[in-house]
Amino acid sequence: MAEDRQNRRYPQNLQGVLQLAVDAGSAAEGPAPIEPMSEERKIWLREALADVCRGQMDEVEQMKQCLAVLQKDGLSPKEGGGEEERDDEDEDERESAFEMLSELCENLDNARDWMILGGLELCLTQYLCHTQSGLRWRAAELIASCAQNMPQVQIHLLSIGALPKLLQLTDSDPNPTVRVKALYAVSCLVREQEAGLQAFLSHDGFSVLMRGMQSGNEKLRTKSAFLLLNLLTSHPEQKDAVVSMGMVQQLVFVLRTPHSPFHEHVLGALCCLVEDCPQGLKDCRDPALGLEVLLRQRSRELQGKEESQEELDFCESLRVACFHRQQSDDNGMDR
């Protein structure tokens, strides 16, 4: 019996505790246990659950402390410290608070608690427009962490007008990191969120993505193209509206820029725009674009490059969809 206790392994974290509860529930549905839960195991389980609850409370307290830091107008002057030194210390402290919050709010319960504490409004009203770019991008990153996979938080952020501000930062902030983090937050608000998509459309979000793909910021180009592809795949009903903006011509223009890995997403978006979308197909076939020659040239360049196989597949699929079908249609008309 002593050896059995010695070999028994108890869970070391919350996931283990939950699994233990599931196992106990499953066992209850089956045959009766051979022996009741030992007193040792009951004590361990009570202590483990108490630790979990205490840990959650500790994290809420940490968030409250971070909130207090972010709400301060400024740090108290320190003896021997100049104004510039105090400003640097103030900024460092706020940045540290944001970093801790971003980590804590990866937990969905903490993200909801941060919303209840009023932290999201603080991010929107004071920090997305802050003069320090390090605080702007950290605020956008925190918003993204809270919104990801959390519909309740997404709806709240949409209701307080976060999306237009994030789109504005994506489009025109002078700091490249701010633009990337703001787009990340936009993505967390509009993917798989119908209300977010409607707000995105009403604020001309597809034009923001178009300009993002044409920027000099490689990360922004990549994330803009990826979000465009994701939205067209998830919401094919938006194809006609996107095509009417001249998106096909813009995407082909992007493909003519020096080759970059994000071109894979651009080609994927074009593949979406020619599928069950007559105007998109017509635009791609426009001889003035020279798309057929471009696709043949790109296919040759990508041949034999294992890391570019998906881009090559998109390239070939687009060429077949646009130009092989066209040749078949022309031949049919000749007959």
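Helices in this description are DSSP runs of at least four residues, numbered from the N terminus. The structure shown is a predicted model.

**View 1. D109 in helix 5.** D109 has its place in helix 5. With a relative accessible area of 35%, D109 is partly exposed, because that class lies between the cut-offs of 20% for buried and 50% for exposed. Between D109 and C146 there are 9.6 Å in space, C-alpha to C-alpha, although the two are 37 residues apart in sequence.

**View 2. W114 and the largest nonpolar core.** The largest nonpolar core comprises 91 residues. W114, L166 and F200 are the residues with the most contacts inside this core. Leaving aside neighbours within four places in sequence, W114 is in contact with M63, L67, L70, L101, C105, G119, L120, C123, L142 and C146. In soluble globular proteins, nonpolar side chains tend to be buried together.

View 3. Just after helix 8 comes G161, which takes a positive phi of about 80°.

**View 4. The crossing of helix 9 and helix 10.** Helix 9 (residues 162–172) and helix 10 (residues 176–190) have axes that come within 8 Å and cross at roughly 145°. The crossing in which helix 9 passes helix 10 is left-handed. On the side of helix 9 the contact is made by L163, L166, L167, L169, T170, D171 and S172. Helix 10 contributes V178, R179, A182, L183, A185, V186, L189 and V190. By class, the residues of this contact between helix 9 and helix 10 are 11 nonpolar, 2 polar and 2 charged. L166 of helix 9 is also one of the residues with the most contacts inside the largest nonpolar core.

**View 5. The contact of helix 16 with helix 17.** The axes of helix 16 (residues 263–274) and helix 17 (residues 278–285) cross at roughly 125° and come within 6 Å. Helix 16 and helix 17 are therefore oblique to each other.

Methods
Residues numbered from 1 in each chain as written. Predicted model: local features only at pLDDT ≥ 70, side-chain atom pairs only at ≥ 80, totals over all residues. Heavy atoms only, no water. Axes fitted to C-alpha atoms, helices over the stretch in contact; angles between N-to-C directions. Helix = DSSP H or I, 4+ residues; strand = E, 2+ residues; numbered from the N terminus. Left-handed = near helix turned anticlockwise from the far one by under 90°. Contact = heavy atoms within 4.5 Å. Nonpolar A, V, L, I, M, F, W, Y, C, P; charged D, E, K, R; others polar. Parallel < 35°, antiparallel > 145°, perpendicular 65-115°, else oblique. Core = buried A, V, L, I, M, F, W, Y, C linked by side-chain atoms within 4.5 Å. Buried < 20%, exposed > 50% of the residue type's maximum accessible area, 1.4 Å probe, protein only.
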